[in-house]
Amino acid sequence: MAVRMEEVLTRRTGDPSSTDHPGNRLELSTEDGVTKIFGFWMFLVSDVLLFATLFATYVVIYTHTADGPSAAELFRHDVSGFLAETLALLTSSFTCGLATWEMHQGRAGRLKLWMIITLLLGLTFLGLEITEFHDFVSQGATMQTSAFLSGFYTLVGTHGAHVTLGILWMSLILYQLVRFGLNAVTARKFYIVGLYWHFLDIVWVLIFTVVYLTGVM
Amino acid sequence: MGDSLTNTAGHFFVTGDPMIIASDVAIVLVSLGIVFTLTYFKKWKWLWREWLTTVDHKKIAIMYLISAILMLFRGGVDALLMRTQLALPNMKLLSAEHYDQIFTTHGTIMILFMAMPFIFAMFNAVVPLQIGARDVAFPYLNAISFWLFFFGALLFNISFVIGGSPDAGWTSYPPLTELQFDPGVGENYYLLALSISGIGTIATGINFLATIIKMRAPGMTLMKMPLFTWAVLGTCIIILFVFPVLSVALALLLIDRLFGAHFFTMMYGGNPMQFVNLFWIWGHPEVYIAVLPAFGIYSEVVSTFSQKKIFGYKSMVASIMAISIIGNLTWVHHFFTMGAGPAVNTFFSITTMAVAIPTGVKVFNWLMTMYRGRITLSLPMMWVLAFIPNFALAGATGVWLAEAPTDYQYHNSYFTVAHFHQALIGGVVYGMLAGMYYWWPKMFGFKLKEKFGKWAFWFFNIGFYVCFIPQYVLGLMGMQRRMYTYTPDMHWTALNFVSTIGAYLMGIGFLCIAAQIIHSLVHMEKDLTGDPWGGRTLEWSLPSPPPHYNFAVIPQVSDRDEWWERKRRGEQDALKPRPEDIRNVHMPKNSGVPFLMGVCFFIAGFGFTFGWIAVGAAGLLGVLVCLAHRSLDQHPDHDIPADEIRRTEAALGRL
């Protein structure tokens with residue numbers, strides 16, 4: 001079990017006054033924080049595998065359109081839509097990075113501000129994605145139409161479900177930052193949800209490439 | 001109205017079959033018995049406080065162990081029913097449909113609800129003690145893992161009496177398992193029960209990886225770690241890499257069934273072979289997930305009972321890591337007949353045979369450890385000795401199956417059945433029994449008496465060969481697996497009859513183990529030494545069972561077999577705490593939320609099984625509430641004052 005957080009300061013080598021120095025990072029200032037962040041990286045490994053499997057399945061069946069619409073037919077009319085989604089999500093990852101930076105500077109107010117902006121961008125992304133799905137379904141392109149569309153909705157939808165969970169989760173952490181202030185525990189929690197958020201961004205880059213760009217090519 | 005209600009109830013509660021009615025009666029009676037006993041002895045509060053809410057890895061280990069033994073019983077009864085049905089030609093004991101359900105539940109239970117909790121019992125009982133830690137890295141998550149396994153297993157088992165069991169084999173291949181060909185809820189039970197327990201398994205993998213990487217006592221470098229802990233590390237790496245693949249495969253099939261998607265259908269572009277690939281990308285490494293911890297146990301037991309340090313420690317570590325990597329590259333050998341072509345089949349033939357190299361290294365190292373050792377033939381060691389010829393035979397027949405051209409001959413035959421039972425019983429079950437006997441005194445504070453144990457050993461071992469050797473021959477004679485009956489003119493009768501006798505001998509062996517446990521409980525001999533076998537690693541330096549904080553003072557490690565070396569140098573008292581070194585210990589608080597989260601998952605699983613989306617969604621919402629509750633908990637842990645620890649240690653005679 002974790003040693004009391006005040007007891008252990010994991011100071012490492014380097015200049016202790018630098019803010020980049022891990023020992024000065026609030027989220028790494030306790031053994032508990034270090035272990036939990038390590039554990040979360042391991043969770044991300046399993047999530048990478050989950051998405052890898054969905055991608056592999058999509059690649060196997062994305063030409064199996066069974067007389068339904070193909071990727072080219074669907075996405076060609078929607079380039080501005082998925083571009084906007086991409087912009088919203090990539091920007092939100094950047095603002096999430098800014099939030100982390102402000103946290104390392106110890107500026108709790110700006111941290112919360114950037115978190116709110118990140119959440120708004122996340123919601124924008126989600127709104128765009130729901131609109132896109134709604135459009136496709138109203139054109140008759142449903143999950144039941146073909147193996148390709150089963151794969152598309154499942155892969156992109158799983159990412160969307162992750163984003164939804166991320167928004168709920170980050171809101172919960174924002175509440176805790178407001179309620180309890182910035183300390184070793186809330187810092188660790190924000191840092192972890194930040195890792196999750198960046199991870200979703202990387203997965204989206206792959207979806208953008210493998211699903212949408214390959215689709216309209 | 002009344003009729004339609006009876007009809008619906010008749011579909012919901014499986015009726016008509018005498019065996020199922022007997023099970024209904026048994027379930028009601030056992031449940032009433034448990035409720036009565038708990039009420040009569042006023043044990044409800046004790047059950048909740050000490051067990052259902054515990055986050056102590058040692059108690060979680062005991063709960064895993066009890067579940068594993070119960071599931072071994074259920075899976076064993078399934079096996080005996082099948083063997084009885086096959087004992088003679090044209091038997092009518094089971095209907096074809098019922099036989100399908102029984103071989104499906106037998107396979108699924110034995111792999112996922114018997115072998116997995118058994119290895120997790122060993123993980124939990126041993127790893128934190130071996131590495132000198134006070135608990136696992138995430139004790140609360142550990143409790144969640146257990147309850148997800150428990151409620152997954154419960155969901156799977158109630159299918160027998162509510163709605164109907166899955167009947168498409170433990171591999172559950174589409175398109176047979178698509179809604180069109182397999183209506184009813186049995187298959188949904190399979191998919192959801194495995195998904196729920198699978199989440200728990202991934203969490204366990206992450207938990208023990210973090211425990212082993214981050215929680216080792218000072219001085220215990222990776223190359224000073226006991227081999228069981230190394231084996232657990234390798235296992236957790238495999239779990240982390242393959243269980244997500246199973247989760248996805250199951251989820252996609254469920255989406256097909258519940259929402260009419262077309263991943264694996266025969267129409268609209270679905271590709272059933274994709275499921276088969278995904279399933280075995282998990283399914284083959286699952287064999288190593290189950291067997292690596294057993295290899296770890298063999299290493300500990302051989303070394304302790306030969307009173308020698310393990311031969312070739314570094315090559316043992318290297319072989320564990322090699323198996324955990326090469327094991328991921330072999331899955332296609334389960335379906336060489338897919339039609340992937342000679343190049344693919346050759347690749348997977350070679351990788352499969354390559355696994356034999358690190359495995360062989362391990363077997364030679366165990367033999368060399370025994371060579372010139374002072375061997376004590378106690379029960380754990382006997383199971384290790386019985387394992388070696390068994391596994392050699394499993395390896396030899398495995399190489400036959402690994403060669404693509406010969407596999408075309410044996411594919412889906414009884415030869416395959418005999419081979420994988422030899423590997424999984426000879427490798428995993430023998431290992432888990434050796435581990436159970438070896439660590440029982442550490443877990444419970446008393447030794448199991450040998451009396452019935454030796455009977456169990458001989459019945460089980462002789463029964464094992466009598467049961468499975470005929471099946472190799474039956475396979476070569478053309479008997480296919482999953483056949484529910486055969487005619488006398490196939491000339492399979494004699495061998496099948498002998499095989500059935502063997503199965504019953506193994507059943508008697510199991511009963512002897514049960515008798516042994518009960519007998520030892522009644523005539524209990526407390527182990528006061530904490531080190532009844534002359535152990536080598538840190539867990540034996542503690543009293544049995546250890547106090548809930550394990551180590552009053554975290555030990556400083558300098559050698560590979562730390563406890564053995566200390567004993568050799570006469571310094572064993574140095575591992576006892578000194579009063580002035582004892583500080584407050586920070587420990588997690590018990591919590592009922594992991595249990596409730598399991599209940600929520602169960603409700604969700606049950607809802608989706610019957611296609612009741614609202615119930616399923618309500619269950620998942622409950623899970624989210626549990627997660628949020630934990631996140632908002634400001635005081636999940638507490639301090640045990642140093643004085644209290646001093647009192648506990650003094651009472652244990654360690655101060």
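Across the interface of chain A and chain B, 8 residue pairs are in polar contact, both residues being at pLDDT 80 or more; a polar contact is a pair of N or O atoms within 3.5 Å, where within protein one must be able to donate a hydrogen and the other to accept it, and residues adjacent in sequence count only if both atoms are side-chain atoms. The model is predicted, so that local features need pLDDT of at least 70 and side-chain atom pairs count only at pLDDT 80 or more, while totals for chains, interfaces and linings use all residues. Residues are numbered from 1 along each chain as its sequence is written, chains are lettered from A in the order in which they are written, and side-chain values use heavy atoms, with hydrogens and water left out.

**Interface of chains A and B**

- Helix 1 (31-61) and helix 5 (147-180) of chain A each supply at least two residues of the side that touches chain B, helices being DSSP runs of H or I with at least four residues and strands runs of E with at least two, numbered from the N terminus.
- Helix 1 gives the most to this side of chain A, with 17 residues.
- By class, the side of chain A that touches chain B has 21 nonpolar, 13 polar and 3 charged residues, where Ala, Val, Leu, Ile, Met, Phe, Trp, Tyr, Cys and Pro count as nonpolar, Asp, Glu, Lys and Arg as charged, and the others, Gly among them, as polar.
- In contact terms (heavy atoms within 4.5 Å), 37 residues of chain A meet 41 residues of chain B.
- The two chains bury about 3300 Å² between them, 72% of it on carbon and sulfur atoms; buried area is the accessible area (1.4 Å probe) that two parts lose on being put together, summed over both.
- The count between chain A and chain B is 0 salt bridges, a salt bridge being a side-chain nitrogen of Lys or Arg within 4 Å of a carboxyl oxygen of Asp or Glu.

**Aromatic pairs around Trp147(B)**

- Over all chains the count comes to 90 aromatic pairs, for which rings of Phe, Tyr and Trp (its six-membered ring) must have centres within 6.5 Å, with planes under 30 degrees apart counted as stacked, over 60 as edge-to-face and the rest as tilted.
- Trp147(B) and Phe150(B) pair edge-to-face, at 5.2 Å centre to centre and 75 degrees between the planes, and both lie in helix 6 (residues 139-158) of chain B, 3 residues apart.
- Trp147(B) counts as buried at 3% relative accessibility, whereas Phe150(B), at 30%, counts as partly exposed; buried means under 20% relative accessible area, exposed over 50% and partly exposed in between (1.4 Å probe, protein chains only).
- Trp147(B) also forms an edge-to-face pair with Phe595(B), at 4.8 Å and 90 degrees, which links helix 6 with helix 19 (residues 593-609) of chain B, 448 residues apart.

**Charged side chains**

- Lys58(B), in helix 4 (residues 57-87) of chain B, is buried at 12% relative accessible area, and its side chain makes a polar contact with that of Asn550(B) at 2.5 Å.
- Asp559(B) and Arg569(B) meet in a salt bridge at 3.3 Å, N to O, and because they lie in the loops on either side of helix 18 (562-568) of chain B, the pair ties together parts that are 10 residues apart in sequence.
- Within helix 18, Arg568(B) forms a salt bridge with Glu565(B), the closest N and O atoms being 2.7 Å apart; Arg568(B) is exposed at 59%, whereas Glu565(B) counts as buried at 17%.
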